[in-house]
Amino acid sequence: MQTFRIVHTSARHLLLRASLALLAVSLVSAASGKPTPWNDEPSPWKLVGPGAPYPLESVTMAVVPGPPDTIYAGNENSGVYRSVDAAMTWEQVGPRFRCIYLIADPANSARLFLIAEEGAFLSLDSGDTWTRVVTATGEPIQEVEVFTVDSQGHVYAATLAGTVWLYDKEPSWTRLNETPLPTIYSLAVAPSAPHILYSGTAEGMFRSEDAGVSWRSVGDHLTHVYHAYQVSPMTAVDPFDPDVVFTAFHLNREWTIFRTESGGDTWTEVPVRNPQSLQFDPTGVFYVGGRNLMRSTDRGASWDTLLATTSYNILS
């Protein structure tokens with residue numbers, strides 16, 4: 001599950017122009033666990049993406065769990081691209097949005113959710129057409145920062161204003177939390193307990209145990225730092241244990257990862273610096289993208305370097 005965020009315009013442009021997401025290949029292609037220089041041969045990694053071998057700058061990706069080999073990539077200048085043959089060929093679909101973050105609904109492969117500089121949008125036809133994310137009264141929801149979706153197809157949106165919304169009936173959304181959280185930068189659902197959500201905010205981590213209606217602060221010692229300004233999800237929950245969570249904050253001039261195995265009661269610093277994305281796969285293997293692609297099979301106790309790059313950041 002992918003979940004990523006918007007940065008304010010000036011900071012976002014600096015980050016996106018300096019970063020390039022070119023990986024539309026399976027993580028298992030580097031199963032040896034040995035570092036793989038980006039430009040060296042032979043390599044189990046292949047450079048793919050819209051426009052390859054000179055790919056466009058793709059800042060977000062979504063893999064559809066239904067139809068095999070269907071992948072979407074979002075570009076900051078020319079919109080959403082769709083591939084139905086495992087990234088061998090691509091076509092541009094829909095308006096030419098300036099994309100920030102894109103997710104696919106695991107329960108409905110034709111349903112996509114997009115955050116762009118132009119706003120937040122929903123597609124019900126695999127990206128061909130898009131409509132704005134709106135309230136029950138038809139008003140656009142402002143400053144949507146992140147989408148996340150659980151395995152049952154419940155889609156949540158969170159905003160910079162600290163509000164959390166549920167997509168419960170097309171085309172409108174229902175606000176869940178009457179009392180706003182601090183500025184929200186990330187949102188994640190526990191796959192094994194979908195009523196449990198975590199939110200990374202400007203004042204630390206929060207946890208909900210009633211599907212986003214009420215929240216409590218967890219990890220009070222993290223409230224003095226700001227959540228990461230990234231275009232990728234920076235909070236990830238273990239697929240089998242809702243109390244195991246990784247998140248990243250800006251601490252001592254570095255992006256630093258913290259882990260809890262107690263639902264936020266205690267947190268431990270993880271010795272991997274400057275992440276750009278955090279994600280579990282369905283088997284519980286944890287990945288960190290950045291200048292390198294790192295993998296842990298033991299909840300962060302040890303790490304393998306799967307891919308070492310020199311010029312690009314791995315954002316998805």
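Modeller: E209 is partly exposed, with a relative accessible area of 42%. That class sits between buried (under 20%) and exposed (over 50%), using a 1.4 Å probe and protein chains only. This is a predicted model: local features need pLDDT of at least 70, side-chain atom pairs count only at pLDDT 80 or more, and totals for chains, interfaces and linings use all residues. Residues are numbered from 1 along each chain as its sequence is written, and side-chain values use heavy atoms, leaving out hydrogens and water.

E209 has a salt bridge to R207, with 3.0 Å between the closest N and O atoms. The rule asks for a side-chain nitrogen of Lys or Arg within 4 Å of a carboxyl oxygen of Asp or Glu. R207 counts as buried because its relative accessibility is 8%. R207 also meets D243 in a salt bridge, at 2.9 Å from N to O. R207 lies in strand β16 (residues 204-208), while D243 sits in the loop between β18 (235-237) and β19 (245-251), so this pair ties together parts 36 residues apart in sequence. Strands here are DSSP E runs of at least two residues, helices are H or I runs of at least four, and both are numbered from the N terminus. D243 counts as partly exposed because its relative accessibility is 26%. Through shared partners, salt bridges join R207, E209, R216 and D243 into one network.

Now the strand itself. β16 is mostly covered: five of its five residues are buried. It runs antiparallel to β15 (residues 197-201), joined by five bridges. Pairing needs at least two DSSP bridges between the strands. β15 and β16 form a hairpin with two residues between them. T201 stands opposite G204 of β16. β16 also pairs with β17 (residues 216-218), again in the antiparallel sense, over three bridges. There, R207 has R216 as its bridge partner.

Next, charged residues elsewhere. The whole protein has 12 salt bridges by this rule. One of them joins E91 and R82, at 2.8 Å between the closest N and O atoms. E91 is partly exposed, since its relative accessibility is 41%. R82 is buried, since its value is 12%.

D150 gives a contrast. It is buried but has no salt bridge; R111, the nearest side chain of opposite charge, is 7.8 Å away. For this, Lys and Arg count as positive, Asp and Glu as negative, and His and the chain ends are left out. D150 sits in the loop between β10 (144-149) and β11 (155-159). Its side chain has a polar atom 3.0 Å from the backbone nitrogen of G153. The D150 side chain also reaches the backbone nitrogen of H154, at 2.9 Å. Leaving aside residues up to four places away in sequence, D150 touches P106, Y156, V189 and P194. Touching means heavy atoms within 4.5 Å.

The largest nonpolar core has 17 residues, and F113, V144, F147, V155 and W173 have the most contacts inside it. At least two core residues come from each of β5 (99-105), β6 (108-116), β7 (119-123), β10, β11 and β12 (164-169). A core joins buried Ala, Val, Leu, Ile, Met, Phe, Trp, Tyr and Cys residues through side-chain atoms within 4.5 Å. I115 lies in β6. I115 is buried because its relative accessible area is 0%.

β22 (residues 277-280) and β23 (residues 286-289) pair antiparallel over four bridges. S277 stands opposite G289 of β23. Five residues separate the two strands, and in the turn G284 has a positive phi of about 95 degrees.

The protein has one helix and 25 strands. Of its 316 residues, 57% are buried. Among contacts between residues at least 6 apart in sequence, 46% join residues at least 24 apart.

Methods:
Polar contact = N/O pair within 3.5 Å; in protein donor to acceptor, adjacent residues only side chain to side chain.
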